[in-house]
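Hi,

Here is the structure I promised to pass on. Have a look at it first, and then read my notes below.

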2 protein chains.
Amino acid sequence: MREKVVAVDLGGTNLRLGVVDSAGRITRRRRLAMRAFTAREDLYSWLAEAIGDFIEDGHGRQGGRRARRVSCDRQGPAAVGIGFAGPSDAERGLIYYAPNVGCMTDLRVASRVGKLLGLPTFLENDANCAALGEHWRGAGRGARSLFLFTVGTGIGGSFLIDGQVWHGEHGIAGEIGHTVVATGGPRCNCGKEGCLEALVSATAILKAYRRAAGRAVRMPAELTAKMVFDRARRGDAAARSVVDRSARALGVGIANVFHLLNPELVLIGGGVSRAGSMLLGPAVEEARRAIFPPLQGKLRVKRASLGDDAGLLGAARVAFRHLSGI
Amino acid sequence: MREKVVAVDLGGTNLRLGVVDSAGRITRRRRLAMRAFTAREDLYSWLAEAIGDFIEDGHGRQGGRRARRVSCDRQGPAAVGIGFAGPSDAERGLIYYAPNVGCMTDLRVASRVGKLLGLPTFLENDANCAALGEHWRGAGRGARSLFLFTVGTGIGGSFLIDGQVWHGEHGIAGEIGHTVVATGGPRCNCGKEGCLEALVSATAILKAYRRAAGRAVRMPAELTAKMVFDRARRGDAAARSVVDRSARALGVGIANVFHLLNPELVLIGGGVSRAGSMLLGPAVEEARRAIFPPLQGKLRVKRASLGDDAGLLGAARVAFRHLSGI
């Protein structure tokens, strides 16, 4: 087996690429602005070109000039692993719905991009990649079972048993963001009311703060969830109440996962988790209160430790595992 | 391996016993009234005596006279499997909390009763037993993964992967009844608000109906959930609205399980499930609405088919598996 793969993280804003070795080191990186597509084939060829260029540039291409491909002493990657947002069936290589790339449905990214590249190419949901990355090299090392919440623009989730993703029958297991915790609560982008995502995501926090603060508070045009946390820290009552509600809802989500899946470890990752103890402190407190008393002490919650690299490492892990047939 | 085991279902009202053969046939049964205990040892010895008497009566004991034990041609059971309500860690043989037998904590039923009986004795949560029974001989046959809701006085749940219980790290996985679906909703016996159990169980249905109907409606002293369903069928508006709310909440629970665990099959068992299509029709409709559109058609929900026998068969299954080392 060759010792490196290309990992791809197809996010909402950026396409991130990395060369990853079998020890989980990212030896080269690239970041491109993501764009939306209206035709599947355009997405496939754009992706194949971006990945192909990235590979070639590691083999002697200088600046804009293309050199001959792959010299014998500098072996190319053995495979490509792609992490992708949206409900997908990784085992069948099918993305049901891709909100990040123009809301297309039924994408076959792995097989089509793989064919264009001439490399074995594998797909995995981005939350599952992040969990695999954290289990391989981050805060999840050694956990027999873990559940990762990714709290960002949306909410994702992933459940690992013995380091393997539990995909479920149609590949969508782990979709904690669209479990309902507050029937009749705020409306989610998915159309339902009271989804965890409608209470805890960055989008939900911003929306709730704009409503709670009303016209009394000056709002910058580019208000971010981070600013809401900063305002809460400085004593802004509306921000404080929004953060508290989100933290409590996250706590309910954690307790629901604990009762239903009972993992050894719960990890919290994603951009919003950078708010740190302000979010996680009250969330864990709420979760413990909600758990059967004899088990309250057994809940273990940690922040994910790899940041954005978790997704790249997980995508690489998927490719390495396919190569070695695990 | 000898070909039969004794299965025990330690319920809230009855202690049910059965001799079960390796093909999943219940060849003999007994039902005793359950009682509460204040001391662990009293429970252990009462259980051991009840099981021991049941075994002996299959080997020549007539009426009240005790005959000599076990003749060579009528072999006794090889093991005992006990299904038990309450959060427990079956793999470690520990019951954290036993609401059905006087609310004692930290029970070691399997090891203590097994010692008194002189037979290998194994423990499993009652909802897990019901799921194992349905997977072995009932509506769950052949499902790669299934989630069973037991909707009765309380709500239990069980998640099977390849016919094996997913116990989780501390044995409590599957506790769907105490996942929160309606933050701020009705108070549950566990002290939280908005647990599924506080919306869908027989207890919850009765409580909500008493409140909704108020003094305008004649209430029999022994009102049951079945009567509420019957009244709803006959057009009682209060009963109708309670049943509708419960069905929708069950639908939310089903959708949450589908998003989080994505099982091939969802089974609904327990006493309240006998209400049939009046509960399950709107529940499945609500669940489908709540699921990602591309996957709505993939949800499979069925009624459990074995009734009370599921628990006995599952307890027997546990004993057979332990005996054969699976």
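Let me start with a pair of helices in chain A. Helix 1 of chain A and helix 2 of chain A lie oblique to each other, since angles from 65 to 115 degrees would count as roughly perpendicular and those under 35 as roughly parallel. Their axes, for residues 40-57 and residues 109-117, cross at roughly 50° and come within 9 Å. The crossing of helix 1 of chain A and helix 2 of chain A is a right-handed one. On the helix 1 side of chain A, the contact is made by A:Tyr44, A:Ser45, A:Leu47, A:Ala48, A:Ile51 and A:Gly52, and helix 2 of chain A brings A:Val109, A:Arg112, A:Val113, A:Leu116 and A:Leu117. Sorted by class, the residues of this contact are eight nonpolar, two polar and one charged.

Before the other pairs, a word on the whole. Please keep in mind that this is a predicted model. Chain A has nine helices and 13 strands. Its C-alpha atoms fill a box of roughly 60 × 45 × 35 Å along the principal axes. For 326 residues, a compact globule would have a radius of gyration near 20 Å, and the 20 Å of chain A agrees with that.

Now back to the helices of chain A.

The axes of helix 6 (residues 225-233) and helix 7 (residues 237-260) of chain B cross at roughly 115° and come within 7 Å. Helix 6 and helix 7 of chain B are therefore roughly perpendicular to each other, and helix 6 of chain B passes helix 7 of chain B in a left-handed crossing. B:Val228, B:Phe229, B:Arg231 and B:Ala232 of helix 6 of chain B make the contact with B:Ala239, B:Arg240, B:Val242 and B:Val243 of helix 7 of chain B. That contact has six nonpolar residues, two charged ones and no polar ones.

Finally, how do the two chains go together? Chain A puts 35 residues into the contact and chain B puts in 36 residues. On the side of chain A that touches chain B, strand 6 (94-98) and helix 7 (237-260) of chain A each supply at least two residues. Helix 7 of chain A gives the largest share of that side, four residues. By class, the residues on that side of chain A are 17 nonpolar, twelve polar and six charged.

Cheers

Conventions
Residues numbered from 1 in each chain as written. Chains lettered and ligands numbered in written order. Predicted model: local features only at pLDDT ≥ 70, side-chain atom pairs only at ≥ 80, totals over all residues. Contact = placed C-beta atoms within 7 Å. Nonpolar A, V, L, I, M, F, W, Y, C, P; charged D, E, K, R; others polar. Axes fitted to C-alpha atoms, helices over the stretch in contact; angles between N-to-C directions. Parallel < 35°, antiparallel > 145°, perpendicular 65-115°, else oblique. Left-handed = near helix turned anticlockwise from the far one by under 90°. Rg over C-alpha atoms; globule rule 2.2 N^0.38 Å.
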